[in-house]
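This report goes through the fold, the overall dimensions and the surface of one protein chain. Please view the sequence and the structure together.

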Amino acid sequence: MDTIPMPPNNEQRPPMPVRQTALDYYRDLQSLLEGLDLGELERAVDELRRARDEGSTIYIAGNGGSAATASHLVNDLGKATKRSGQRSVRVMGLTDNMSWLTALGNDEGYDRVFTGQLENFATQGDVLIVITASGNSPNVLDALRHSSETGMTSIGLLGFDGGAARELVDITLLLPSRRGAYGLVESGHSVVCDILTQCLIDDRAAVS
């Protein structure tokens with residue numbers, strides 16, 4: 001077995017500046033969240049309330065780390081919001097049925113993995129939430145076009161400059177950031193998802 005040679009002592013790298021890295025990240029994340037348009041946030045919450053009250057379905061999609069955020073939001077909207085006493089939220093994650101997702105990707109192309117599912121279920125009045133840092137993922141853009149044609153409302157959790165998705169979504173939750181800041185944008189999107197969920201949790205049912 002080959003051995004990996006160790007560098008001489010005089011070539012060892014200095015330890016990472018953990019404290020400074022953490023402080024820089026805190027600062028950058030705060031700045032990122034302060035860039036969120038609260039008016040658009042209110043519009044997004046109102047749309048989720050409408051979907052809940054009318055029994056419409058909310059679909060959520062994302063790729064990579066954003067797929068994990070999408071699954072987390074599905075869980076929170078479906079379960080945590082029941083504490084409000086309001087009507088249960090009908091919510092479906094387009095990243096969670098792996099056999100269907102991979103079948104679509106294999107047979108029809110990865111650009112179709114979200115749209116192929118929406119075609120079976122989505123109807124006018126439903127909501128599509130897309131979570132994407134770049135806003136340029138072809139499968140997300142295809143799903144947004146389909147949602148528009150179907151009469152759905154779309155909400156985009158976006159980063160960087162919003163990408164092509166910015167022109168396609170109805171409600172824009174943009175965290176403006178430098179291109180390539182995936183970690184910060186994904187962290188910020190998780191916070192935005194928690195805010196959306198908390199707003200629905202706080203909709204306490206009136207006591208008769």
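How many helices and strands are there in the chain? The model, which is predicted, has seven helices and five strands.

## Fold

Read from the N terminus, the order of the elements is α-α-β-α-β-α-α-β-α-β-β-α. Among the contacts in the chain with a separation of 6 or more, 70% are accounted for by residues 24 or more positions apart.

## Dimensions and burial

The C-alpha trace spans about 70 × 45 × 35 Å along its principal axes. The chain has 208 residues, of which 44% count as buried.

## Nonpolar patch

Leu-23, Tyr-25 and Tyr-26 form a nonpolar patch on the surface. Together the three residues have about 320 Å² of accessible area.

One of them, Tyr-25, lies in helix α1, which covers residues 18-34. Tyr-25 has a relative accessible area of 32% and is therefore partly exposed. Patch residues need over 30% relative accessible area, a cut-off that the 32% of Tyr-25 passes.

## Charges

The chain carries 18 positive and 28 negative charges.

Which residues form a positive surface patch? Lys-79, Lys-82, Arg-83 and Arg-204 do. Of these residues, Arg-204 is located in the segment that comes after α7 (182-201).

Conventions:
Residues are numbered from 1 along each chain as its sequence is written. This is a predicted model: local features need pLDDT of at least 70, side-chain atom pairs count only at pLDDT 80 or more; totals for chains, interfaces and linings use all residues. Side-chain values use heavy atoms; hydrogens and water are left out. Patches are made of residues with over 30% relative accessible area and no salt bridge: like charges are joined within 9 Å, nonpolar side chains (Val, Leu, Ile, Met, Phe, Trp, Tyr) within 5 Å. Accessible areas come from the Shrake-Rupley method with a 1.4 Å probe; for residues, only the protein chains shown count as cover. A salt bridge is a side-chain nitrogen of Lys or Arg within 4 Å of a carboxyl oxygen of Asp or Glu. Helices (H or I, at least four residues) and strands (E, at least two) are DSSP runs, numbered from the N terminus. Buried means under 20% relative accessible area, exposed over 50%, partly exposed in between (1.4 Å probe, protein chains only). Lys and Arg count as positive and Asp and Glu as negative; His and the chain ends are not counted. The place of a charge is taken as NZ of Lys, CZ of Arg, CG of Asp or CD of Glu. Contact means heavy atoms within 4.5 Å.
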